[in-house]
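The points take up side-chain pairs, helix contacts and individual residues in turn.

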Amino acid sequence: MSVYHIPVMASQCLDYLKLQPGAVYVDATLGAAGHSLAMLRACPGIRLYGFDRDPEAIQEARAALGDDQTRCELIQAPFSSLRSQLALRKIAAIDGILFDLGVSSHQLDEAGRGFSFDRNAALDMRMDRGQILTAAALVNGAETGELARIFREYGEERGAAKIARAIEKARSAAPLESTGELARVIESVAGSGSRDSLKTKLRVFQALRIAVNGELSELRAALHDAIMMLRPGGRAVVISYHSLEDRIVKHMFRDAAKGCQCPPRQMLCSCGQKPLLKVLTARPVSASQHEVSSNPRSRGAKLRAAEKLPEMP
């Protein structure tokens, strides 16, 4: 089994999901169906819906699931559309949902997708190749200030403005069309061959990928809908791989568990919002050293889980 097919923290996911026969679950990030397969085999009686906007991932999942796919409906759609997609299937509530965020190892390893700076390819970075916006269009068409904002907010890159100006200078001579060309522009600012240079390229490529695919807004929308669709006792489990994702999950879980959103100095609640969740992970759960050694993708992964509370009067 390749690393791509090894699901991150599978046993922990199963523990937190508490699968029950006859219940409805969602794998919001299907990928190669590693988590879905683990869920179906741990509790064969569940009803499972798997989402992925990448048609190649859907094909990969079908092959990985084999005969088990008869118990799992695969849906090619972004997970931000899970409410509407499930409504089409007469599903109004769910008993659990799993998000394994970030770009898959398969997408990183496939040179033609343009996700990685160490594999020269067209600047693409689309998870769904049917969408119009590509990394090349963004790099060559966005204003310098907008590029700097993307690198700063989505990549947490301190040299965002310098790199954006270097891109503006380079593209004025000729459009940047490949990952190699972009990497060389970044190196003109950050240098090459050092650990710091490597981290800078990682941050800039991450920022572009997030912007091209609208990953953070997708996550906020999907997690909100997931929380609202969970039945009492239902659980949401999220695995994230960088601080921006983890921060969103942490804050959304915290706010849903808090209930009232009125200012702290306000004596009486006027918003009327009741607590919706109980957070099950006071701190994010990390993969064991043994798992990291056998599955490098689990390095740095953080798992958070929460349970839907009964409706309050």
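1. Glu 156 is partly exposed, with a relative accessible area of 39%; here buried means under 20% relative accessible area, exposed over 50% and partly exposed in between, for a 1.4 Å probe and protein chains only. The model is a predicted one, in which local features need pLDDT of at least 70, side-chain atom pairs count only at pLDDT 80 or more, and totals for chains, interfaces and linings use all residues. Residues are numbered from 1 along each chain as its sequence is written, and side-chain values use heavy atoms, with hydrogens and water left out.

2. Glu 156 pairs with Arg 247 in a salt bridge, at 3.3 Å from N to O; the term denotes a side-chain nitrogen of Lys or Arg within 4 Å of a carboxyl oxygen of Asp or Glu. Arg 247 belongs to helix α12 (residues 243-258) and Glu 156 to the loop between α7 (144-155) and α8 (160-173), so the pair ties together parts that are 91 residues apart in sequence. Helices (H or I, at least four residues) and strands (E, at least two) are DSSP runs, numbered from the N terminus. Arg 247 is also partly exposed, its relative accessibility being 37%.

3. How many salt bridges does the rule give? The count comes to 17 salt bridges. One of them joins the side chains of Glu 56 and Arg 129, at 3.3 Å from N to O. Since Glu 56 is placed in helix α3 (residues 55-65) and Arg 129 in the loop between α5 (105-109) and α6 (135-141), the pair ties together parts that are 73 residues apart in sequence. Glu 56 is partly exposed at a relative accessible area of 26%, and Arg 129 is partly exposed at 34%.

4. Asp 68 and Arg 71 form a salt bridge in which the closest N and O atoms are 2.4 Å apart. Asp 68 is buried, with a relative accessible area of 14%, whereas Arg 71 counts as partly exposed at 27%. A network of salt bridges links Arg 41, Asp 68 and Arg 71.

5. Which residues make the contact between α7 and α10? The axes of these two helices come within 8 Å and cross at roughly 100°; axes are lines fitted to C-alpha atoms, for helices over the stretch in contact, and angles run from 0 to 180 degrees between N-to-C directions. That makes α7 roughly perpendicular to α10, on a scale where angles under 35 degrees count as roughly parallel, over 145 as roughly antiparallel, 65 to 115 as roughly perpendicular and the rest as oblique. From α7 the contact involves Ile 150, Phe 151, Tyr 154 and Gly 155, and from α10 it involves Arg 203, Val 204, Gln 206, Ala 207, Leu 208, Ile 210 and Ala 211; contact means heavy atoms within 4.5 Å. By class there are 8 nonpolar, 2 polar and 1 charged residues in the contact of α7 with α10, where Ala, Val, Leu, Ile, Met, Phe, Trp, Tyr, Cys and Pro count as nonpolar, Asp, Glu, Lys and Arg as charged, and the others, Gly among them, as polar.

6. Helix α8 and helix α9 (residues 179-190) have axes that come within 9 Å and cross at roughly 125°, which makes α8 oblique to α9. The residues in contact are Lys 162, Ile 163, Ala 166, Ile 167 and Ala 170 of α8, with Leu 182, Val 185, Ile 186, Ser 188 and Val 189 of α9. This contact of α8 with α9 has 8 nonpolar, 1 polar and 1 charged residues.

7. Leu 182, in helix α9, is buried at 0% relative accessibility. Apart from neighbours within four places in sequence, Leu 182 is in contact with Leu 123, Val 139, Ile 167, Leu 176, Phe 205 and Leu 208. Its C-alpha atom is separated by 9.2 Å from that of Ala 170, 12 residues apart along the chain.

8. Not counting residues up to four places away in sequence, Thr 200 touches Glu 157, Ile 163, Ile 186 and Ala 190.

9. Ser 298 is situated in the loop between α13 (289-294) and β7 (302-308) and is buried, at 2% relative accessibility. With residues up to four places away in sequence not counted, Ser 298 touches Val 8, Ala 287, Glu 291 and Val 292.
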